[in-house]
Amino acid sequence: MAIKRTKAEKKIAYDKKLCSLLDEYTKVLIALADNVGSKQLQDIRRGLRGDSVVLMGKNTLIRRCIKVYAEKTGNHTFDPLMDLLVGNVGLIFTKGDLKEVREEVAKYKVGAPARVGLVAPVDVVVPPGNTGLDPSQTSFFQVLNIPTKINKGTVEIITPVELIKKGDKVGSSESALLAKLGIRPFSYGLQITNVYEDGSVFSPEVLDLTEEDLIEKFATGVSMVASLSLALSYPTIAAAPHMFINGYKNVLAVAVETDYSYPHADKIKEYLKDPSKFAVAAPVAAADSGAAAAPKEEEKAPEPAEESDEEMGFSLFDD
C-alpha cells in the first residue's frame with residue numbers, strides 16, 4: 001500500500017521539481033489551460049516527451065518557488081515569469097525549438113459541446129440542411145427564430161443561422177439544440193500566451209517571423225535612421241554613404257561653376273562645353289541597356305543636358 005504524503009511533503013517535492021527544471025531549462029512557454037481535460041493534458045505530455053516538460057500547479061505555489069529559488073541561487077532571470085502567472089496557466093519547459101513545440105501543442109485540440117454558461121470563443125453558425133429530427137422538435141427552432149420546413153417527415157433548416165456570437169454566453173436553448181444536432185462547435189487545447197527565453201518575455205506571434213521578415217524590418221529601421229540623420233545633419237553609419245554622395249555632388253557643382261577643378265570635374269566641364277559629345281555617348285548607353293530599350297530611345301530623345309545627368313548617374317546640383 002502506497003504511503004499517502006502530507007500537504008507539506010507534496011509542496012516540498014513540488015518545490016524540488018520546479019527548482020530542478022529552473023536549473024536545467026532556459027526556455028519556457030506559458031500556456032492557458034482553460035477547459036483542458038486531464039486526458040487531453042496527458043496526451044500533450046506524451047507528445048512532448050523527450051525535450052519538453054509540462055508543469056501545472058497553483059500560481060501562488062509556483063511564484064513562491066521561483067522567489068525562493070532566486071534568493072538561494074542569486075539567479076533572478078526567472079523573475080519575469082511571476083508576473084505571467086495569472087489565471088489557469090501552466091509552464092512548458094523545453095530544450096527544443098520554440099516554434100516547433102508550440103505547433104506540437106496546437107495539435108492536441110479537442111472538440112467540445114456548447115455547455116450552458118460557457119463564453120463562446122468563436123461564432124457558432126448552424127448550417128442549412130436536413131437535421132434528421134422529427135417534426136415534434138420544431139419548438140427548439142421556433143424559440144431561436146430559425147427558419148425551417150418539414151421535408152420527408154424531418155425538420156430541415158432553410159438558411160444558415162448565426163446561433164451564438166463570439167463572446168456571448170451559451171444559453172440553455174442553444175446548448176440543447178446543438179446537442180440534438182450533434183454539433184460540437186468549440187475546440188479547446190493549451191493556448192500559448194507568452195514565451196520566455198533567457199530572461200526575455202515576448203509574444204508568441206514573434207515565433208511566426210521568418211528570416212525574410214527580420215531582414216525587411218531591419219532594412220526599414222536603417223532607412224528611418226538614415227532619413228532622420230540626414231534631416232538633422234547628424235552623422236551615423238546608416239547615413240554616411242548618402243552624406244558622402246551629397247558632399248561630392250556639392251564639390252562637383254562648385255567646380256563646374258568656378259575655375260577650381262580636378263580630373264573628374266574636367267570631364268564634366270568638357271561635356272558641358274561641347275554638347276556634341278552627347279550624341280556619341282547616347283548610342284553607347286543604348287547598346288549597354290539591351291535591344292528592348294532601343295525603340296524607346298528612338299521614340300523620345302531627351303535634351304542633351306538632361307541626358308548628361310542621367311548618363312553620369314547623378315545630378316550636378318542638389319534640389
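Where is Asp 198 found? In this predicted model, Asp 198 sits in the loop that joins strand E11 (191-197) to strand E12 (200-202).

**Loop residues**

Asp 198 is not a glycine, yet its phi is positive, at about 50°. With a relative accessibility of 53%, Asp 198 counts as exposed. Most residues other than glycine have a negative phi. Lys 152 is a further non-glycine residue with a positive phi, near 55°. Lys 152 belongs to the loop between strand E7 (148-151) and strand E8 (154-157), and at 82% relative accessibility it counts as exposed.

Tyr 234 is located in the loop between helix H8 (211-232) and helix H9 (240-257). The relative accessible area of Tyr 234 is 55%, which makes it an exposed residue. When neighbours within four places in sequence are left aside, Tyr 234 is in contact with Ser 229 and Met 243.

The table below lists these loop residues with their accessibility.

| Residue | Relative accessibility | Class |
|---|---|---|
| Lys 152 | 82% | exposed |
| Asp 198 | 53% | exposed |
| Tyr 234 | 55% | exposed |

In soluble globular proteins, nonpolar side chains tend to be buried together. The largest nonpolar core of this model has 22 residues, and the members that touch the most others are Leu 18, Leu 81 and Phe 93. Two or more residues of this core come from each of helix H1 (7-24), strand E1 (27-32), helix H3 (59-73), helix H4 (80-84) and strand E3 (89-94). Another core, of 20 residues, lies apart from it and includes Leu 133, Leu 163, Ile 164 and Leu 177.

Which residues does Leu 81 touch, not counting residues up to four places away in sequence? The contacts of Leu 81 are Val 28, Ile 30, Ile 66 and Tyr 196.

Leu 61 is placed in helix H3 and counts as buried, with 16% relative accessibility. Beyond residues up to four places away in sequence, Leu 61 touches Lys 11 and Tyr 14. Leu 61 and Lys 11 are 50 residues apart along the chain, while their C-alpha atoms are separated by 8.0 Å.

**Helix H2**

Helix H2 spans residues 38-48, and its buried residues are Gln 40, Leu 41, Ile 44 and Leu 48. Viewed down the axis of H2, these buried residues fall within an arc of 100°, so they line one face of the helix. An α-helix has 3.6 residues a turn, so residues three or four places apart point the same way. Ser 38 and Lys 39 are exposed on the other side of H2.

What do the buried residues of H2 pack against? Their partners are strand E2 (52-55), E3, helix H5 (98-106), strand E4 (110-112) and strand E10 (186-188). Just after H2 comes Gly 50, which takes a positive phi of about 130°.

**Aromatic residues**

The structure holds 4 aromatic pairs. One of them joins Tyr 69 and Phe 78 in an edge-to-face arrangement, with 6.3 Å centre to centre and 75° between the planes. Tyr 69 and Phe 78 are both buried. Together with Tyr 196, Tyr 69 and Phe 78 form one aromatic cluster. Tyr 196 is also among the residues touched by Leu 81.

Elsewhere, a charged side chain is placed against a ring: Lys 95 lies over the face of Tyr 25, at 5.4 Å from the ring centre.

**Cysteines**

How many disulfides does a search of the whole structure find? The search finds 0 disulfides. For Cys 19, the closest cysteine sulfur is that of Cys 65, and the distance of 6.1 Å between the sulfurs is too far for a bond. A disulfide would require the sulfur atoms to be within 2.5 Å. Viewed from Cys 65, the closest cysteine sulfur is likewise that of Cys 19.

Are Cys 19 and Cys 65 buried or exposed? Cys 19 counts as buried at 16% relative accessibility, and Cys 65 is buried with a relative accessible area of 0%.

Note on methods
Residues are numbered from 1 along each chain as its sequence is written. This is a predicted model: local features need pLDDT of at least 70, side-chain atom pairs count only at pLDDT 80 or more; totals for chains, interfaces and linings use all residues. Side-chain values use heavy atoms; hydrogens and water are left out. A nonpolar core is a set of buried Ala, Val, Leu, Ile, Met, Phe, Trp, Tyr and Cys residues joined through side-chain atoms within 4.5 Å. Buried means under 20% relative accessible area, exposed over 50%, partly exposed in between (1.4 Å probe, protein chains only). Helices (H or I, at least four residues) and strands (E, at least two) are DSSP runs, numbered from the N terminus. Contact means heavy atoms within 4.5 Å. The arc is that of the directions from the helix axis to the C-beta atoms. Rings of Phe, Tyr and Trp (its six-membered ring) pair if their centres lie within 6.5 Å; planes under 30 degrees apart count as stacked, over 60 as edge-to-face and the rest as tilted. A charge sits over a ring if NZ of Lys or CZ of Arg is within 6 Å of the ring centre and within 35 degrees of the ring normal.
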